[in-house]
Amino acid sequence: MGFESINVKAGTRVVVLMGGDSAEREVSLNTGAQVAGALKKRDLDVVTIDTKEPTFIAMIQEAEPAAVFVCLHGRDGEDGTMQGLLELLRIPYVGSGVLASALAMDKVMSKHFFAHSGVRTPDYVALRRGEPYDVSVITRRLGDKTVAKPANEGSAIGVTISHTPEELPAAIEAAFAHDDLILIEAFVTGVEVTVGVLGNDEVVALPTIEIVAEHEFYDYDSKYVFGMSKHIIPARISQELIDECERLAIKAHEVLGCRGMSRADMIVTADGAVEMLEVNTIPGMTNTSLLPDAAKAAGLEFPRLCEVLVGLALER
C-alpha cells in the first residue's frame, strides 16, 4: 500500500474527539470508542473527549496532544468547523482541512465541483426553505423517481425515495426537517459501490466495495445495524469498471482538496456509466463500516489503519 514507512512512536498522545450533539452522535460515540481502542493496541497514549462537554476546548489544550483524531460525524465535526478550531489551536488532526470538509459535507456545493471537473453525477435540483417549487417541473427534469436529501447531513438522515411525483412533496418536507437547503436527485439504478482513498500528497485507492442493502437503499439501519447490508469485495463489476471507480474516487478526493482519507460513494449503471453520489471526509469507523473493510482487504488491519491515519496527520 505504500504506508510501510509511516510509524507513530509508542506513547504519542492522541486525543480522540467523539460524540458531539449532531444527529449522528451515537454513531460518533461508536466510531470514537473503536478508534481509541485500536490506537491503544498500537501503544499510543489515547485521551477521549466528548465535544458535547462545555469545556471540551480546554480539555483538548490540557491534554497537549501530538495529534487529534476527529471521530465526529455530521455538523460541527465533519463540516470544517472542528477543523477550523484545531487550526487555530495549531494541533495536527486526522483528515481533511476546513475547506475540503465544508465542500464535501455540502452536497450541493460538491455537486457543483463534480460537474465543473467532469465527474459525472446524477442530475439534481437544489431548494432552499421557503422557496416555491413545482413538482411537475422537477419531475419533468429528473424523472418520476427521485431522491430528496438534506444538503448537510450524513448517514442517510432525512433521505427519502419518491417513487411517484405525488410522493415528492412529503419527501421534500422530510428533508427540510433537517436542513434549510436540500437536494433532489434523479434516482439512478445500478450497482452501489464505494471506494476509500488514503494519503496526503500521494494517494491510493482502496479496493472497491459493492454494497448490497436489505432495504431499498443504503439507509441508516443498513449502515449501522449488523446484518442489514453486505459488503462484497471485490465488487461484482468488470475490472475496467473497478479501475474507473477507483480513478474517480481519487479525482473527487483531489477536486475537493481532501487529505488523509475520504470515501466516495457511486452508482455503476447497467450501461457502464459511473455516477458520483458524494464524498465522505470522516467515514464511519465502526464494526459495520466500509473504509475499515476496504483497508483490511488491502492488508491494513484496523489498528494499523488508525495508526497510519495519525501518521498522515503528523506528516503534515
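Asp179 is buried, with a relative accessible area of 9%, where buried means under 20% relative accessible area, exposed over 50%, and partly exposed in between (1.4 Å probe, protein chains only). The model is predicted, so local features need pLDDT of at least 70 and side-chain atom pairs count only at pLDDT 80 or more, while totals for chains, interfaces and linings use all residues. Residues are numbered from 1 along each chain as its sequence is written, and side-chain values use heavy atoms, without hydrogens and water.

Side chains of opposite charge can pair when their charged atoms come close. A salt bridge is counted when a side-chain nitrogen of Lys or Arg lies within 4 Å of a carboxyl oxygen of Asp or Glu, and the count comes to 14 salt bridges.

One of them joins Asp179 to Arg75, with the closest N and O atoms 3.4 Å apart. Arg75 lies in the loop between strand S3 (67–70) and helix H3 (81–89), and Asp179 in the loop between helix H7 (168–176) and strand S7 (181–186), so the pair ties together parts that are 104 residues apart in sequence. Helices (H or I, at least four residues) and strands (E, at least two) are DSSP runs, numbered from the N terminus. Arg75 is partly exposed, at a relative accessible area of 31%.

Glu275 and Arg120 form another salt bridge, their closest N and O atoms being 2.8 Å apart. Because Glu275 lies in strand S13 (residues 274–280) and Arg120 in the loop between helix H5 (107–117) and strand S4 (124–128), this pair ties together parts that are 155 residues apart in sequence. Glu275 is buried at 7%, whereas Arg120 is partly exposed at 45%.
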